[in-house]
Amino acid sequence: MDNDIPKYFDSLMKLYIHQNDLMWSRTKTLLAIESAALYVGYGLKTVLAGPLFILFGSIFLASILVIYHRDKKYRDVICDLLIETGGPFFTEARPKLHKTFGFLTGVRIFYGISCFMIMVNLALLFYFLINILQSGNINFL
């Protein structure tokens, strides 16, 4: 059974790295969705389609955050399994990393920036809608 531990640890490490890469790749998707929503929303800000694109962009951003959170949970479960297995990196270095960086972690920064983007989108959505309604020119396109 002891001969299987290195293979098990190696498999878990590969799975951890894959899940971590998958989790952080969500930032690219988030950036693409946000860029598209702002570009189209601003380009069509004088008609109802612009605020609608920003609304859908915000909904997609929120769904990416849910997927990101799920990926993080899977990654953390794998990390716990690695600690139980007794991997040297996860038993010695990981607690030191958390003490070094404290509150400011990449995950918290990602959540903060994502929530800020959603708030900006909603502010622009209401700003464009108010301008459209005040102009009296209510067209979809």
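This briefing covers the nonpolar cores and the salt bridges of the structure. The model is predicted. Its largest nonpolar core has 10 residues, and the structure holds five salt bridges.

**Nonpolar cores**
- The largest core is made up of M23, L30, L61, I64, L65, Y68, V107, F110, M117 and I118.
- A second, separate core has seven residues, among them F9, Y16, I78 and L82.
- F110 belongs to the largest core. Leaving aside neighbours within four places in sequence, F110 is in contact with W24, T27, L30, L65 and Y68.

- D10 and K14 form a salt bridge, with their closest N and O atoms 3.5 Å apart.
- The two residues are four apart in helix α1, so about one helical turn separates D10 from K14.
- D10 is partly exposed, at 38% relative accessible area.
- K14 counts as exposed, because its relative accessibility is 56% and the cut-off for exposed is over 50%.

- R70 pairs with D71 in a salt bridge; the closest N and O atoms are 3.1 Å apart.
- R70 is partly exposed, with a relative accessible area of 38%, whereas D71 is buried at 1%.
- R26, R70 and D71 are linked in a network of salt bridges.
- D76 forms a salt bridge with R75, and here the closest N and O atoms lie 3.4 Å apart.
- D76 is partly exposed at 23% relative accessibility, while R75 is buried, with a relative accessible area of 9%.

Notes
Residues are numbered from 1 along each chain as its sequence is written. This is a predicted model: local features need pLDDT of at least 70, side-chain atom pairs count only at pLDDT 80 or more; totals for chains, interfaces and linings use all residues. Side-chain values use heavy atoms; hydrogens and water are left out. A nonpolar core is a set of buried Ala, Val, Leu, Ile, Met, Phe, Trp, Tyr and Cys residues joined through side-chain atoms within 4.5 Å. Buried means under 20% relative accessible area, exposed over 50%, partly exposed in between (1.4 Å probe, protein chains only). Contact means heavy atoms within 4.5 Å. A salt bridge is a side-chain nitrogen of Lys or Arg within 4 Å of a carboxyl oxygen of Asp or Glu.
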